[in-house]
Amino acid sequence: MQITLTRENEYLPDLAKLMKKTKLTEMESLFEFEFLDNNVRKYFTYNPGQFVQVSIFGVGEAPFSVSSTPTRPGNLELGIRQTGNVTDAIHNLNVGDVVGIRGPYGNGFSMDKLCGKNLLFIAGGIGMVPLRSVINYIMDKRDDYGKVTIFYGACLPDERVFVDELENVWPNAPDVEMHQTVDECHETWQGNVGVVTCLFDVCKVASENTVAIICGPPVMYKFVVQDLMKLGFKGDDILLSLERKMQCGVGKCAHCQIGHKLTCIDGPVFTFSEVQRLQEAI
Amino acid sequence: MSSTYIMKRSDLLKLVQAAMDEYDIYGPVQRRTTWVFDKIDDPSRIDMDYDNTMMSLKKFFIPSKEVMMRFNLREMSIDDSLPDVKAERPQLLVGVHACDIHALLFLDRVFGGKYVDPYYVARRENTTIIGLNCIDPCKHGFCKSVNTHIVNEGYDLYLTPITGDKYYVHVGSPKGDRLLTIAGKLLREATDEGHEAFKASMKHKHESLPVGLHLDNINETFDMAWDDPIWARLGEECMNCGSCALVCPTCYCYDVADELDLSLSNADRTRKWSTCLYHDFALVAGPHNFREDPPARLKYRFYHKIRGALHDHGIIACTGCGRCIEHCPAGISVKDVVYELQKRRVGVPVVKGG
């Protein structure tokens with residue numbers, strides 16, 4: 001059960017220390033944080049697919065998906081691309097530096113409802129950041145879930161994140177099929193070339209008792225969903241994690257509104273059926 | 001039956017004067033071509049016959065800019081502004097129209113709920129409201145069309161003008177009781193004559209306020225109208241200036257930014273009003289803008305205020321106050337837009353006008 005610490009002011013972040021910083025690519029690194037307060041450390045937990053708000057005092061605050069899994073208590077891991085003011089500042093942190101973190105927010109994936117299902121993960125680029133949390137959650141509770149298929153696409157081989165898990169961990173786990181592709185070929189790359197949907201030709205996916213979980217750049221969703229529908233997936237069995245601008249994380253500032261829903265409260269995980277009723281969602 | 005009271009209209013000034021020791025008082029004051037809710041030091045400045053104010057009451061609860069917390073970067077400590085907000089002097093708002101009371105009831109839903117916005121709630125709890133029942137229409141309002149011309153809650157005292165230059169006074173809360181105590185002998189319990197005068201005023205109100213559109217099936221209308229050509233047309237007229245959202249009593253969107261001081265050792269986390277009409281409203285890192293085209297932003301505002309508000313809070317976020325109609329430099333009228341869509345999608349049994 002998720003225990004939430006009630007607080008009078010939800011906007012106040014808790015202090016957390018950077019414990020470890022691991023370079024993933026030229027632009028992305030994995031940051032591991034530990035809360036300073038014992039109580040927070042003890043009770044802080046989350047669903048795969050939820051996000052937290054990270055503050056660099058004096059620079060600003062931004063939302064980030066959690067990359068670690070609640071099945072492995074310890075540091076909170078956030079995979080972050082260097083692309084703006086806040087992320088610049090995060091990338092400039094040294095181990096031991098203190099930031100503010102509040103959350104977790106959003107719905108995340110209902111891991112209970114996915115029990116017994118075969119799962120097809122389709123991630124593009126840093127869309128793997130939230131999906132890594134789900135995949136590792138399943139790895140830790142392997143018997144509760146069916147066959148796992150992972151499609152991962154990136155622009156270039158060097159732009160892939162979590163390469164060690166992609167290459168060495170997940171393919172060797174029981175009943176896991178892993179396929180990767182890159183948009184542009186390098187001499188060193190022996191694998192598939194093409195956008196992520198080309199993997200549907202490489203690997204035959206059955207839609208029966210299968211849930212597809214998708215996260216990637218905005219342009220990716222439409223094409224992936226089209227191919228899934230052709231394979232017989234129903235809108236209810238396609239889950240998408242959407243990105244939007246967020247400032248408050250708690251449904252007040254309204255920046256993340258899509259149609260009539262709030263990404264931070266109603267999402268960021270939506271079924272494709274819901275997305276179809278939300279204009280301008282994908 | 002709870003008691004109602006009668007007060008001479010001129011005695012309102014005496015009540016305000018008597019309340020000054022206890023409250024910061026704000027009321028409608030004429031300024032050039034319009035009215036504003038201004039700080040009242042001299043009660044005679046209050047103009048209870050005002051048409052409408054330019055800015056709504058939201059400024060008293062979500063200031064256009066506010067410091068949420070302060071960071072000390074050397075000590076890495078956070079100083080919450082909430083205790084300061086809670087320690088502010090109580091405020092008394094005088095002469096609040098029904099539409100603006102409805103706006104506050106809407107904002108209560110937005111800033112309450114699963115996560116509470118403590119700054120808003122603190123100011124709300126610290127505020128007493130003397131409502132004013134409009135028995136004649138204002139220039140741009142269409143409250144009766146969106147059912148906000150009557151209030152059942154949200155006021156502490158509610159004044160209805162009746163014959164003989166008097167107010168018929170309803171009490172809505174313990175805060176209203178406090179005002180009764182302050183008012184002392186200025187108010188006396190209403191008699192049958194007062195009740196009859198109130199009924200006459202309400203009859204007058206119902207006859208004088210126009211109804212220009214209706215909201216039946218408004219959800220379905222908006223669901224069907226996504227590709228309606230009206231959006232492209234309005235998109236060309238709209239300048240994305242955001243005036244409509246700034247004057248709107250229910251537009252609450254805000255931006256958050258950290259501001260460093262010159263010593264670089266302290267920073268304020270501030271929030272400021274924003275509007276969905278602005279280019280960067282849905283801009284994320286990358287950069288990717290989810291609403292790059294200006295017409296998309298105008299359309300979004302309509303969808304959020306009507307469809308989104310209904311989904312999230314069960315009521316639309318338009319109170320019919322008419323401020324956006326009055327202040328839109330492109331002459332776009334939310335009333336006309338909703339009327340047109342309703343006419344096209346579900347038919348409109350009411351006569352246009354009002």
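1. Helix α5 of chain B, which covers residues 174–183, has as its buried residues Gly176(B), Leu179(B) and Ala183(B). Seen down the axis of α5(B), these buried residues fall within an arc of 55 degrees, so they line one face of the helix. On the other side of α5(B), the exposed residues are Pro174(B) and Thr181(B). Please keep in mind while reading this and the later points that the model is predicted.

2. What do the buried residues of α5(B) pack against? Their partners in chain B are the helix α1 (11–19) together with the strands β7 (127–132), β8 (157–162), β9 (166–171) and β10 (187–189). Just after α5(B) comes Gly184(B), whose phi is positive at about 55 degrees.

3. For chain B as a whole, the secondary structure amounts to 12 helices and 14 strands. A compact globule of 354 residues would have a radius of gyration near 20 Å, and the 22 Å of chain B agrees with this. The C-alpha trace of chain B spans about 70 × 60 × 40 Å along its principal axes, and 43% of the 354 residues in the chain are buried. If one takes the contacts in chain B between residues at least 6 apart in sequence, 74% of them join residues at least 24 apart.

4. Two asparagines of chain B deserve a look at their backbone angles. Most residues other than glycine have a negative phi. Asn217(B), although not a glycine, has a positive phi of about 55 degrees, and its place is the loop between α6 (192–208) and α7 (218–224) of chain B.

5. In the strand pairing of chain B, strand β11 (residues 254–260) and strand β12 (residues 266–273) run antiparallel and are joined by seven bridges. Within this pair, Ala257(B) has Thr270(B) in β12(B) as its bridge partner. The hairpin of β11(B) and β12(B) has five residues between the strands, and in this hairpin Leu264(B) takes a positive phi near 60 degrees.

6. Turning to chain A, there is an open sheet of seven strands with mixed pairing, in the order β10-β9-β8-β7-β11-β12-β15. Which strands stand at the edges of this sheet? They are β10 (192–193) and β15 of chain A, each with a single partner strand, so that one side of each is left without a neighbour in the sheet.

7. Most peptide bonds are trans. The bond that joins Gly103(A) and Pro104(A) is cis, with omega about 0 degrees, and Pro104(A) is found in strand β6 (residues 98–105) of chain A. The peptide bond from Gly267(A) to Pro268(A) is also cis, with omega near 10 degrees, and Pro268(A) lies in the loop between β14 (261–262) and β15 (269–271) of chain A.

8. The domain assignment of chain A gives domain 1 as residues 14–105 and domain 2 as residues 118–241. Taken over C-alpha atoms, the centres of these two domains of chain A are separated by 24 Å. Their contact takes 15 residues from domain 1 of chain A and 15 residues from domain 2 of chain A. On the side of domain 1 of chain A that touches domain 2, there are three nonpolar, eight polar and four charged residues.

9. How many residues of each chain are in contact across the interface between chain A and chain B? Here 32 residues of chain A are in contact with 37 residues of chain B. The side of chain A that touches chain B has, by class, 11 nonpolar, 13 polar and eight charged residues.

Conventions
Residues numbered from 1 in each chain as written. Chains lettered and ligands numbered in written order. Predicted model: local features only at pLDDT ≥ 70, side-chain atom pairs only at ≥ 80, totals over all residues. Buried ≥ 20, exposed ≤ 12 C-beta atoms within 10 Å, placed from the backbone. Helix = DSSP H or I, 4+ residues; strand = E, 2+ residues; numbered from the N terminus. Arc of directions from axis to C-beta. Contact = placed C-beta atoms within 7 Å. Rg over C-alpha atoms; globule rule 2.2 N^0.38 Å. Nonpolar A, V, L, I, M, F, W, Y, C, P; charged D, E, K, R; others polar. Domains from an automatic or database assignment. Pairing = 2+ DSSP bridges.
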